[in-house]
Amino acid sequence: MAYIFTPSRLWGGVPIGIKSRKLDILEVMSGNAPPTQDEVFMQRALKLATETIGLASPNPQVGCVLTQTPLGGGTPKIIGEGAHLYDNRDHAEIVALKQAAARGFSTKGATAYVTLEPCSHHGRTGPCADALIAAGVTRCVIATADPNPLVSGQGIQKLHAANIAVTLGVLEQPARNLNDAFAHFIQHRTPFVTLKAALSVDGKLAPPPATRYPNRPFWLTGPAARHEVQLLRHASDAVLTGLGTVLADDPQLTDRTALPRRRPLLRVILDTHLRIPLTSQLVRSAASASGSQSDLLILCGSLASPAKAAALGALGVEVEQIPDHAGRLSLPAVLASLAERDILSLLLECGSHLNGSFLRQNLADKAVLLYAETELGDQAIPFAQGFPSPYLLERFLHRITRTTYGPDASITGYLHDPWPPTSLQTNP
């Protein structure tokens with residue numbers, strides 16, 4: 001559904017929509033018709049935004065397309081486009097405007113397609129709404145409003161006040177899916193937590209410990225599902241597991257997609273007493289990693305050995321002590337520590353205990369459940385302590401999507417909606 005706003009009527013020099021803190025809705029578009037022209041150009045903007053996975057955080061992923069109708073009429077043509085890369089500073093709108101200028105195109109009378117409401121405030125750059133106004137854009141099509149409650153709607157207000165027609169909500173859900181983590185973080189200042197679990201068809205994580213080889217992973221799912229997990233890691237700022245998984249599987253927890261990312265995947269281990277072996281793959285890979293900041297963070301409790309912490313530090317591992325109680329680390333403190341590092345998205349690849357702890361404390365926001373056809377039996381390790389079955393968890397999920405990766409099935413759903421409720425109100 002898309003809403004079209006026009007600022008045609010004025011009262012005291014201010015659009016009536018702003019005076020009443022509400023934008024006038026003149027048209028509502030819906031239905032399952034073939035893609036409209038707006039949807040085609042917005043899809044291009046979304047593609048540009050999608051290509052910045054791993055390159056925009058801690059900022060949102062945003063794409064912009066500028067179109068111009070030929071003087072003689074006809075189908076609008078793209079005159080500039082771009083996406084935001086954090087290290088390049090420029091927001092998507094500025095990238096598109098610069099490209100149009102470099103190609104010799106005038107932007108006066110152009111339409112801008114933006115996947116996120118143009119910003120209205122000064123940060124590392126100036127307001128993009130002001131830049132679009134100065135460029136002479138006469139229409140702006142926006143996929144979704146800014147999720148930041150302090151500024152949401154203000155970019156639209158600026159455009160509206162400059163006599164620019166605004167259409168809001170074109171391909172809104174795909175645009176929001178790209179920025180779930182940003183939307184959650186900007187409101188709550190904690191990472192958006194995705195719980196990922198590879199499971200047997202009877203809902204178990206792994207065979208009984210007595211039947212397994214130590215320090216060796218047990219693969220339930222096939223190569224296609226494991227590749228999907230790598231893509232999940234690539235889209236995340238950090239991945240987290242506990243000491244039990246480290247001792248059982250000796251994992252690397254690396255992003256092996258070979259896709260570009262602006263900062264390394266932060267591998268986070270919860271290890272209350274610092275029992276992690278110095279010879280583990282995690283520690284060895286931290287020692288060989290380049291750069292001034294370690295990509296391996298071990299969070300420990302108050303009774304952890306200072307000597308072990310020093311030994312880990314000498315091997316390139318960062319160790320941080322956080323609050324603990326009765327031998328268990330505080331999970332809210334874990335998330336707060338990660339938030340201080342601008343970790344917007346956290347992927348859980350944990351064992352039964354931590355899965356249960358995050359779920360019981362209502363700290364998981366999304367779940368990705370990958371089911372193999374294998375059955376492990378009643379004595380196998382459960383999905384999550386305190387939850388008899390992942391199938392029970394599925395009852396609490398909303399916006400569920402189902403897909404397959406080879407022989408394996410995947411169910412993805414949300415426990416918490418990271419986006420604020422849609423509103424056509426604008427802030428004063």
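Predicted model: local features only at pLDDT ≥ 70, side-chain atom pairs only at ≥ 80, totals over all residues.
Ala248 has a relative accessibility of 28%, and it therefore counts as partly exposed. Ala248 belongs to helix H9, which covers residues 243-249. Leaving aside residues up to four places away in sequence, Ala248 touches Arg212, Tyr213, Pro214, Asn215 and Arg216. For one of these, Arg216, the separation in sequence is 32 residues, while the C-alpha to C-alpha distance to Ala248 is 6.6 Å.

Let me turn to the aromatic side chains. How many aromatic pairs does a search of the whole structure find? The number is 3. One of them joins Phe41 and Tyr113 in a tilted arrangement, with 5.3 Å from centre to centre and 40° between the planes. Phe41 comes from helix H2 (residues 37-50) and Tyr113 from strand E7 (residues 111-114), so this pair links distant parts of the chain, 72 residues apart. Are Phe41 and Tyr113 buried or exposed? Both are buried.

A further pair, also tilted, is formed by Phe192 and Tyr414. Phe192 and Tyr414 are both buried.

The charged end of Arg399 sits over the ring of Tyr414, at 4.0 Å from the ring centre. There is a further arrangement of this kind at Trp219, where the charged end of Arg226 sits over the ring, 4.5 Å from its centre.

My last topic is the second largest pocket, which holds about 980 Å³ of space. Its lining is made up of 40 residues, and those closest to the pocket centre are Asn177, Leu178, Leu232, Ala235 and Lys366. Which elements each supply at least two residues of this lining? Among the helices they are H6 (172-178), H7 (180-188) and H8 (223-234). Among the strands they are E10, E18 (345-348), E19 (366-371), E21 (398-405) and E22. By residue type, the lining of the second largest pocket divides into 18 nonpolar, 16 polar and 6 charged residues.

How values were computed: Residues numbered from 1 in each chain as written. Heavy atoms only, no water. Helix = DSSP H or I, 4+ residues; strand = E, 2+ residues; numbered from the N terminus. Buried < 20%, exposed > 50% of the residue type's maximum accessible area, 1.4 Å probe, protein only. Contact = heavy atoms within 4.5 Å. Phe/Tyr/Trp six-rings, centres within 6.5 Å; stacked < 30°, edge-to-face > 60°. Lys NZ or Arg CZ within 6 Å of the ring centre and 35° of its normal. 1 Å grid on protein atoms, 1.4 Å probe; cavity = no way out; pocket = protein on both sides within 12 Å on 5 of 7 lines; lining within 4 Å. Points joined across faces, edges and corners; volume = space filled by probe spheres on them. Nonpolar A, V, L, I, M, F, W, Y, C, P; charged D, E, K, R; others polar.
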